[in-house]
Amino acid sequence: RMAAKDELGKRGEAIAARYLEADGLTIVDRNWRCSQGEIDLVALDGPELVFVEVKTRSSVAYGHPLEAITAPKLARLRRLAAAWCVDHPGNHDLIRIDAIGVIAPLHGDVDVDHLRRVF
């Protein structure tokens with residue numbers, strides 16, 4: 001069961017990355033980990049560094065995937081973004097945190113919701 005969930009998550013992250021690239025962003029990191037957790041995607045949107053939390057569901061039977069992004073999760077993502085910046089020295093003046101909800105049924109159309117500046 002967990003393998004299927006992991007597979008769905010990986011698929012959702014790949015869909016989100018393609019979506020962002022089609023929107024003109026450049027993916028600079030995927031699944032970056034540190035002791036505090038993991039950042040799904042890091043991208044550049046012009047001069048802006050974008051940290052992206054991706055949530056994927058196969059349906060909305062248990063709610064929309066974006067509903068899983070809670071205030072504590074956003075606070076942790078902010079700490080992770082700061083840790084990423086420390087680990088990758090450079091100019092990180094413009095930073096934002098986005099959330100992407102992917103609904104990816106096994107058969108049928110995929111739906112992507114991109115929320116910019118969620119935190």
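This is a predicted model: local features need pLDDT of at least 70, side-chain atom pairs count only at pLDDT 80 or more; totals for chains, interfaces and linings use all residues.
Student: What makes Glu-53 count as buried?

Tutor: Glu-53 has a relative accessible area of 5%. Buried means under 20%, so Glu-53 falls in that class. Glu-53 sits in strand E3. Leaving out residues up to four places away in sequence, Glu-53 touches Asp-40, Ile-69, Lys-73, Leu-77, Asp-98, Ala-99 and Ile-100.

Student: How do you know that E2 and E3 pair, and which way do they run?

Tutor: Pairing takes at least two bridges, and five join E2 to E3, so the two strands pair. They run antiparallel. One spot to look at is Val-42, which stands opposite Phe-51 in E3. The two strands form a hairpin with two residues between them, and Gly-46 in the turn has a positive phi of about 65 degrees.

Student: What about E3 and E4: how many bridges join them, and do they run parallel or antiparallel?

Tutor: Nine bridges join E3 to E4, residues 95–103, and these strands run parallel. Here Phe-51 has Ile-97 as its bridge partner in E4.

Student: What is the unit that E3, H2 and E4 make?

Tutor: Together, E3, helix H2 (residues 71–87) and E4 make a right-handed β-α-β unit. Right-handed is the word because, with the strands pointing away from you, the path from the first strand over the helix to the second runs clockwise.

Student: Over to H1, then. Why is Gly-12 called buried?

Tutor: Gly-12, found in helix H1, has a relative accessible area of 0%. The cut-off is under 20%, so Gly-12 is buried. Apart from neighbours within four places in sequence, Gly-12 is in contact with Val-54, Thr-56 and Val-102. Gly-12 and Val-110 are 98 residues apart in sequence, and their C-alpha atoms are 9.5 Å apart in space.

Student: How much space lies in the largest pocket, and which residues are closest to its centre?

Tutor: About 930 Å³ lies in the largest pocket. Of the 26 lining residues, Lys-5, Asp-6, Gly-9, Thr-56 and Arg-57 are the closest to the centre. Two or more lining residues come from each of H1 (2–22), E1 (26–34), E2 (37–45) and E3 (48–57). H1 gives the most, with nine.

Student: What makes up that lining by class?

Tutor: The lining of the largest pocket has 13 charged, eight nonpolar and five polar residues.

Notes
Residues are numbered from 1 along each chain as its sequence is written. Side-chain values use heavy atoms; hydrogens and water are left out. On a 1 Å grid over the protein atoms alone, a cavity is a set of points where a 1.4 Å probe fits but cannot get out, and a pocket is an open set with protein on both sides within 12 Å along at least five of seven lines; lining residues have an atom within 4 Å of a point. Grid points are joined across faces, edges and corners, and a volume is the space filled by probe spheres set on the points. Helices (H or I, at least four residues) and strands (E, at least two) are DSSP runs, numbered from the N terminus. Ala, Val, Leu, Ile, Met, Phe, Trp, Tyr, Cys and Pro count as nonpolar, Asp, Glu, Lys and Arg as charged, and the others, Gly among them, as polar. Buried means under 20% relative accessible area, exposed over 50%, partly exposed in between (1.4 Å probe, protein chains only). Contact means heavy atoms within 4.5 Å.
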